[in-house]
Amino acid sequence: MSQHFNPDQSTAKDQRPTGSQCAAKSGGNIVSLVIALSAIVVFVASAGSVLPELMRSGHLQSTGSEFLLTNALLLNIALILLGWDRYKALSTELELRRESEEEARRQAGLDDLTACLNRRSFVARMEAWLESSKFEQQIATIAIDIDNFKQVNDLNGHAAGDSVLREVSSRIAALLPDNSCIARLGGDEFICAVPFTGSAEDHLNPVLGRMVETVARPVLYKDAAIEISVSIGVSTSLQATDADIDMRAQSMMHKADIAMYHAKKHGKNRYCWFEMAMENDLRFRNELEAGIRRGIHNGEFVPYYEQQIDLDTGEIVGFEMLARWESPDMGLVGPDIFIPIAEEIGVISVMSERLIVAAFEDAKKWHPSITLSVNISPVQMRDPWFAQKILKMLLKHRFPAHRLEIEITETCLHENLGMVRSMITSLRNQGVRVSLDDFGTGYASISQLRSLPFDRLKIDRSFIGELGAEEHGDQLVNAIVSMSNGLKLPITAEGIENAEVLSALKQWSNMKGQGYHYGRPEPASQVLTRLEAIGLLAVGEPKSSNRGNEGAMESASNRILDSDVRAG
Ligand code: C2E
Ligand code: CA
Ligand code: CA
């Protein structure tokens, strides 16, 4: 084994300070304190009887016994002062000693809290090893991150968090093969380097499995048993081919980190080996994030519209706005790609608000009887001001509240049911309608449906698609229709793809429907052409152009808005 992996140098548990000198000093400190305290006790016990007697005699040195008492008293006071002075001096010395030990450890490249290596000394050790031409083994880097560590701190306090970090580091260190090393990179991030020969997976999989399992045992802190788990990513020196040694060390650590994030993304409490595809995914993901931010700034996100039809009359009664990204690099991108990322990086609200404003402006050109549905992310529903924001947008853009329908999914109901209820109530008080989207794919209970004042249920297309073809498909939809009749909730059927499905739906009445059978989602200009053909543009909307005469249309919406606000 290479000198660079001498266990005496590298294993964290061997680098912990012994503390025997500290113990001796603090012992002396305690003796001084005990002397001072005993002297105080003696003083308090004796002075109560001695002092009055001395006072009565009028002076402090009259008789022999009084003389002795006086001397004992003075001696007692001197002892108190001496003991206290010594205690203070020793305390200061101990503090200085602690600080200089900490500094020595820092200089020795150790982490204060866990006595693991720190980042600097870990990197230096990796580089030294990679440089060593004598060393014929490969090395694996293992990146370890505690899952939801912030929650541990928030729920149990930082002292408990520190205790968890110490415990995790010693559990991992105990499992590492000889000649390995462990470092804390900061926060709850650890990294290990393990030399191996032969197959990396054969060598390390048993260790990694034990790490995941051992660390997941609760950490006892005071009266609490703190539940934790870790996500682990592993890369090997075979995967880092950089010519520069320092680049190679950094690259191995980076790859282990990517694999660790992969483990987090796929459910946490597990380990993952680095693969090249992960790096490509990450690069693509980073580019997407940057593209989304840029796209919002450049107005590349635009509303498309899908027709909503009254199935009894076959007439267009509304449009659902569906976001599209007109990306200069990727062309037209669907919301399934960018909405989850926009939610994760915290830009969903700004993106959605801009789309809704654009949709208000588009819908003001349609006949005022035509409604506009917009999808709202669960992330937006966490904002306590969400209902007020919608109201403000309606007023600012002079869009009548009764033409707007908000679609929320069942996922929103798992979060803060009380807040969702008050939000739905305040939106409805303003005249906005609220639908439960994708019904049947989540876990909305009948009691939630009863207690939340929805205006409509949208049956998910997975149920509608089976109509006509599968017998149980009809039965399932029939059950949903009966339930919603009982709850007095009208229904929209999503995903009507063909005439068979549509005719199967005709067995129920009073339904709205939408789907590719009526047309794909289309941009605002095509909606205008469609509506123009059937005479459903707003009064005053010019036939051949989408521009001009906005005054007449606005005053029509204003009248509706005014009556709406009065009704609210
Ligand atoms: P959704 O609300 O369930 O929207 C309906 C989706 O079904 C749309 O996909 C639509 O194009 C598609 N669809 C419509 N008819 C049919 C059909 O007959 N067959 C099939 N197979 N699919 C059909 P799209 O536009 O890709 O939207 C996907 C999801 O993205 C939407 O599902 C909605 O949840 C979300 N989304 C779209 N725009 C927004 C937005 O502005 N904000 C938020 N938060 N989510 C949005
Ligand atoms: Ca929807
Ligand atoms: Ca839906």
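Asn-179 sits in the loop between α6 (158–175) and β2 (181–186); helices (H or I, at least four residues) and strands (E, at least two) are DSSP runs, numbered from the N terminus. The phi of Asn-179 is near 70 degrees, a positive value in a residue other than glycine. Asn-179 is also buried, at a relative accessible area of 13%, where buried means under 20% relative accessible area, exposed over 50%, and partly exposed in between (1.4 Å probe, protein chains only). For context, most residues other than glycine have a negative phi. Arg-398 is another residue with a positive phi, near 50 degrees, and is found in the loop between α13 (386–396) and β12 (404–409). Arg-398 is partly exposed, with 35% relative accessibility.

A note on the model and its conventions: this is a predicted model, in which local features need pLDDT of at least 70 and side-chain atom pairs count only at pLDDT 80 or more, while totals for chains, interfaces and linings use all residues. Residues are numbered from 1 along each chain as its sequence is written, chains are lettered from A and ligands numbered from 1 in the order in which they are written, and side-chain values use heavy atoms, with hydrogens and water left out.

On to charges. The whole structure holds 17 salt bridges, each being a side-chain nitrogen of Lys or Arg within 4 Å of a carboxyl oxygen of Asp or Glu. Arg-184 and Asp-111 make one of them, at 2.9 Å, N to O. Arg-184 lies in strand β2 and Asp-111 in the loop between α3 and α4 (119–131), so this bridge ties together parts that are 73 residues apart in sequence. Arg-184 is buried at 15% relative accessible area, and Asp-111 is buried at 11%. Glu-95 and Arg-98 also meet in a salt bridge (3.0 Å, N to O); they are three residues apart in helix α3 (residues 64–107), so about one helical turn separates them. Glu-95 is partly exposed at 36%, and Arg-98 is partly exposed at 39%.

Glu-407 and Lys-458 form a salt bridge at 2.6 Å, N to O. This pair links distant parts of the chain, with Glu-407 in strand β12 and Lys-458 in strand β14, 51 residues apart. Asp-460 sits in the loop between β14 (456–459) and α17 (461–464). Asp-460 is buried yet has no salt bridge, and the nearest side chain of opposite charge, Arg-461, is 5.7 Å away.

As for the rings, there are eight aromatic pairs, counted when rings of Phe, Tyr and Trp (its six-membered ring) have centres within 6.5 Å, with planes under 30 degrees apart called stacked, over 60 edge-to-face and the rest tilted. Phe-301 and Trp-325 are stacked, 5.2 Å centre to centre with 20 degrees between the planes. Phe-301 is in strand β8 (residues 301–310) and Trp-325 in strand β9 (residues 316–327), 24 residues apart. Both Phe-301 and Trp-325 are buried. Tyr-305 and Phe-319 have ring centres 6.5 Å apart and planes at 85 degrees, so their pair is edge-to-face. Finally, Phe-301, Trp-325 and Phe-338 form one aromatic cluster.

Methods:
Lys, Arg positive; Asp, Glu negative; His and termini not counted.
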